[in-house]
Amino acid sequence: MCDGRSPTPDELPTCYPGDDWSGVSLREFMDCTYNLANNRQVRMLADLSLVGCYNLTFMNESERNTILLQSAKNNLKNMAFFGLTEFQRKTQFLFERTFNLKFISPFTQFNITRASNVEINEGARQRIEELNFLDVQLYEYAKDLFQQRYHHTKQLEHQRDRQKRREERRLQREHRGHRWPKEDGNTEGAVTEDYNSQVVRW
C-alpha cells in the first residue's frame, strides 16, 4: 500500500508465472526488474510518496534512487532506537539506556543466519550486491550511526558515573566533618571537652 492504494499490475508486474516463487531459479529471481526483494530495507524505511509510490514513470531512476535512499536515512536517524544483528550486546545496551529498561539476561550473539548457509558463486554474490546497492549504502550509514550512538551513550554513562562518585565523596567528606565539630579551630580541645562532658554524665 502507498498513498492509500496498492500498485496496479502495470506498475508492479509479477515475477513468476505461478502463485508464488516456487520453482523460480536464483537467476530468474535476480533478473526480474520488479522484484521487491531488491533494496527492500530502503523501500521499507523510505517515504514512497516522495517518488510517486510504484509509478516508475514519475521520475528518472537515478533521481528516484537518490530520494529513496535519503528518505530512508532520515527516517532511520529520527528513530529513537534501532539495533544491528551483528552487534547484539551493543544493541541491548542501547535499548536499555534508551527506554530505561533492563533485560533479565544478556543477548546472545549469533553470527550465523539462514542465508549464511546458502552457497552461491562469486558472480551471483556480486550481482546480488549490485541489485541491492541502495541497501548496501543504507547499511553502511546505519552501522556508522549505530556506533556513534553507542559511543555517545557510553560517554554519557561514564560522565554520570564520575559525577555520582564525586557526589558520594563529597557527602563522605561532609559526614566526616560533622562527626567531630571544631571549636575555635582547636580539634583536640573539642574532642577533650566532649569526652569530659561524657564522663560527668556517667
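## The Cys15–Cys32 link and its partner

The bond between Cys15 and Cys32 is a left-handed disulfide, with -65 degrees about the S-S bond. Its sulfurs sit 1.8 Å apart, where a disulfide is taken as a pair of cysteine sulfur atoms within 2.5 Å. Cys15 is in the segment before α1 and Cys32 in the loop between α1 and α2, so this link connects distant parts of the chain, 17 residues apart. Helices here are DSSP runs of H or I with at least four residues, and strands are runs of E with at least two, numbered from the N terminus. Cys32 has 12% relative accessibility and counts as buried; buried means under 20% relative accessible area, exposed over 50%, and partly exposed in between (1.4 Å probe, protein chains only).

This is a predicted model, in which local features need pLDDT of at least 70 and side-chain atom pairs count only at pLDDT 80 or more, while totals for chains, interfaces and linings use all residues. Residues are numbered from 1 along each chain as its sequence is written, and side-chain values use heavy atoms, with hydrogens and water left out.

The disulfide count comes to two. The other one joins Cys2 to Cys53, S to S 2.0 Å, and a torsion of about -75 degrees makes that link left-handed. Cys2 lies before α1 (26-31) and Cys53 between α2 (40-45) and α3 (61-77), so the pair ties together parts 51 residues apart in sequence. Both Cys2 and Cys53 are buried. With the bonded cysteines numbered in sequence order, the pairing reads 1-4, 2-3.

Setting aside neighbours within four places in sequence, Glu11 is in contact (heavy atoms within 4.5 Å) with Arg5, Tyr34, Tyr54 and Asn55.

A nonpolar core is a set of buried Ala, Val, Leu, Ile, Met, Phe, Trp, Tyr and Cys residues joined through side-chain atoms within 4.5 Å. The largest has 23 residues, and Val42, Leu68, Ala72, Leu76, Phe82 and Leu138 touch the most other members. Two or more residues come from each of α2, α3, α4 (88-99) and α6 (133-179), with α6 giving the most, six. Not counting residues up to four places away in sequence, Phe82 touches Leu76, Ala142, Leu145, Phe146 and Arg149.

As for α3, its 17 residues reach 24 Å from first C-alpha to last, close to the expected 24 Å, which is 1.5 Å times one less than the number of residues. Buried residues of α3 include Arg64, Asn65 and Lys73. Asn60 caps its N-terminal end, with a side-chain oxygen 3.2 Å from the backbone nitrogen of Ser62.

## Salt bridges

The whole structure holds 10 salt bridges, each a side-chain nitrogen of Lys or Arg within 4 Å of a carboxyl oxygen of Asp or Glu. Arg170 and Glu174 form one, with closest N and O atoms 2.5 Å apart; they are four residues apart in α6, about one helical turn. Arg170 is partly exposed at 30%, and so is Glu174 at 37%.

Note on methods. Polar contact = N/O pair within 3.5 Å; in protein donor to acceptor, adjacent residues only side chain to side chain.
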